[in-house]
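Thanks for taking a look at this one with me. Below are a few points to read alongside the model.

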Amino acid sequence: MSLVHNERTKLSATYLNGVAIAVMAVGGVGPIVSVLNGGAAPALGIAAISVICLVGSIALHFLARRLLGSLVS
């Protein structure tokens, strides 16, 4: 039973970490690259969205790490 639990936990943590990477790429880095390439958007709003997404991404990553802490030995 613990092997199944461990594999399900690792799968869930991997998925959550993948979501964290996507949030960072789309919401954190994407808008910054757009503004640097001449995108017409208010820089303060873009900076706020990027910071929120980067912090959210970090939070999701650490949530995935915490989930891995529940592995059964």
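1. A contact here means heavy atoms within 4.5 Å. Among contacts between residues at least 6 apart in sequence, 80% join residues at least 24 apart. Please keep in mind that this is a predicted model.

2. For the overall fold, the chain has two helices and zero strands. Its radius of gyration is 16 Å, well over the 11 Å that the globule rule gives for 73 residues, so the chain is more spread out than a compact globule. The C-alpha trace spans about 55 × 15 × 10 Å along its principal axes.

3. How much of the chain counts as buried? Of the 73 residues, the share is 18%. The accessible surface comes to about 5200 Å², and carbon and sulfur atoms account for 74% of that area.

4. Now to a pair of charged residues. Side chains of opposite charge can pair when their charged atoms come close. In this chain the count is one salt bridge, and the side chains of Lys10 and Glu7 meet in a salt bridge at 2.9 Å, N to O. Lys10 and Glu7 are three residues apart in helix H1, which means that about one helical turn separates them. Lys10 counts as partly exposed, at 36% relative accessibility, and Glu7 is also partly exposed, at 49%.

5. Finally, have a look at Ser34, which is found in helix H1 (residues 2–36). With a relative accessibility of 39%, Ser34 counts as partly exposed. From Ser34 to Ile46 there are 12 residues in sequence and 9.5 Å in space, C-alpha to C-alpha.

Methods: Residues numbered from 1 in each chain as written. Predicted model: local features only at pLDDT ≥ 70, side-chain atom pairs only at ≥ 80, totals over all residues. Heavy atoms only, no water. Helix = DSSP H or I, 4+ residues; strand = E, 2+ residues; numbered from the N terminus. Rg over C-alpha atoms; globule rule 2.2 N^0.38 Å. Buried < 20%, exposed > 50% of the residue type's maximum accessible area, 1.4 Å probe, protein only. Areas by Shrake-Rupley, 256 points an atom, 1.4 Å probe, with all protein chains shown as cover. Salt bridge = Lys/Arg side-chain N within 4 Å of Asp/Glu carboxyl O.
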